[in-house]
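The sequence and model are shown first.

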Amino acid sequence: MSIPTIRDRVVQQALKNVIEPIFEDEFSDSSFGYRPGKSAKQAIEQIEEVRDGGHGWVVNADIKAFFDMVNHEKLIDAVAVRISDGRVLRLIRSFLKADIMEQGRELMKNVIGTPQGGVISPLLANIYLHYFDVRMAELGYEVVRYADDCVPRCGTRDEGLAPRSLLAGAGFKPP
């Protein structure tokens, strides 16, 4: 986890306030993590509705080391689909690449992953994972997702086993 300075937190919040509405309109209705008006309770309720609708098999999956492994350039490309202002993109890149100090030791370069602890990090994660939602839908899977945890809707055991490799990252490539 990285904890931004107070100044960085204020700037991140201001930026989040401006860009979040731009992306919120396109996010899946089945994406619940860290979104205005969405909650874990609503995600559970949707999973229960799916179960009661005949999708009796549940695959509970976590995208392994998601926050630690986000590719900065792919994330910037995903943001750039909707935001063309180079200053905003440079600002986001600077948040992503901010040096990290672990346990009070020397600063380390951050070359991959999203800073967990930044005000804007959950929004950036949702922007990146939006392409996961789109790809899963293209492949015929409906997924209830809360951040990097997801539950594909499955009617049979075989349907539940099929998306496992996709959930491990195969076939998921944001722009």
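In which hand, left-handed or right-handed, does H1 cross H5? The crossing in which H1 passes H5 is left-handed, a term used when the near helix is turned anticlockwise from the far one by less than a right angle, with right-handed used for clockwise.

## Basis of the model

The model is predicted, so that local features need pLDDT of at least 70 and side-chain atom pairs count only at pLDDT 80 or more, while totals for chains, interfaces and linings use all residues. Residues are numbered from 1 along each chain as its sequence is written, and side-chain values use heavy atoms, with hydrogens and water left out.

## Overall make-up

The protein chain has eight helices and six strands. Both are DSSP runs numbered from the N terminus, helices being H or I with at least four residues and strands E with at least two. Read from the N terminus, the order of elements is α-α-β-β-α-α-α-β-β-α-β-β-α-α.

Of the 175 residues in the protein chain, 41% count as buried. Buried means under 20% relative accessible area, exposed means over 50%, and partly exposed lies in between (1.4 Å probe, protein chains only). Among contacts (heavy atoms within 4.5 Å) with a separation of 6 or more, 70% join residues 24 or more positions apart.

## Nonpolar core

In soluble globular proteins, nonpolar side chains tend to be buried together. A nonpolar core is here a set of buried Ala, Val, Leu, Ile, Met, Phe, Trp, Tyr and Cys residues joined through side-chain atoms within 4.5 Å. The largest such core has 33 residues, and those with the most contacts inside it are Ile19, Phe66, Leu75, Val79, Ile92, Leu124 and Ile127. Two or more residues each are given to this core by helix H1 (6–24), helix H3 (66–69), helix H4 (72–80), helix H5 (86–96) and helix H6 (121–138). H6 gives the largest share, nine residues.

Beyond its neighbours within four places in sequence, Ile19 is in contact with Ile83, Ile92, Ile120 and Leu123.

## Helix packing

Two packed helices are described by the angle between their axes and the distance between the axes. Axes are lines fitted to C-alpha atoms, for helices over the stretch in contact, and angles run from 0 to 180 degrees between N-to-C directions. Angles under 35 degrees count as roughly parallel, over 145 as roughly antiparallel, 65 to 115 as roughly perpendicular and the rest as oblique. Residue classes are nonpolar (Ala, Val, Leu, Ile, Met, Phe, Trp, Tyr, Cys and Pro), charged (Asp, Glu, Lys and Arg) and polar (the others, Gly among them).

The axes of H1 and H5 come within 12 Å and cross at roughly 135 degrees, which makes H1 oblique to H5. On the H1 side, Asp8, Val11, Gln12, Leu15 and Ile19 meet Val88, Leu91, Ile92 and Phe95 of H5. This contact has seven nonpolar, one polar and one charged residues. H4 and H5 pack at about 150 degrees with axes 10 Å apart, and are therefore roughly antiparallel; their crossing is right-handed. His72, Glu73, Leu75, Ile76, Val79 and Ala80 of H4 meet Leu89, Ile92, Arg93 and Leu96 of H5, and these residues divide into seven nonpolar, one polar and two charged.

H4 also packs against H6, at an angle of about 85 degrees with axes 9 Å apart, so the two helices are roughly perpendicular. Lys74, Leu75, Ala78 and Val79 of H4 make this contact with Leu124, Ile127, Tyr128 and Tyr131 of H6. By class, the contact has seven nonpolar, no polar and one charged residues.

## Single residues

Histidine 130 is placed in helix H6 and counts as buried because its relative accessibility is 9%. Leaving out residues up to four places away in sequence, histidine 130 touches Glu26, Phe27, Ser28 and Arg145. Lysine 109, in the loop between strand S4 (107–108) and H6, counts as exposed at 67% relative accessibility. Lysine 109 and lysine 97 are 12 residues apart in sequence and 7.1 Å apart in space, C-alpha to C-alpha.

Tyrosine 34 is not a glycine, yet has a positive phi of about 55 degrees. Tyrosine 34 sits in the loop between H1 and helix H2 (40–52) and is partly exposed, with a relative accessible area of 44%. Alanine 147, likewise not a glycine, has a positive phi of about 55 degrees. Alanine 147 lies in the loop between strand S5 (143–146) and strand S6 (149–154) and is buried, with a relative accessible area of 5%.
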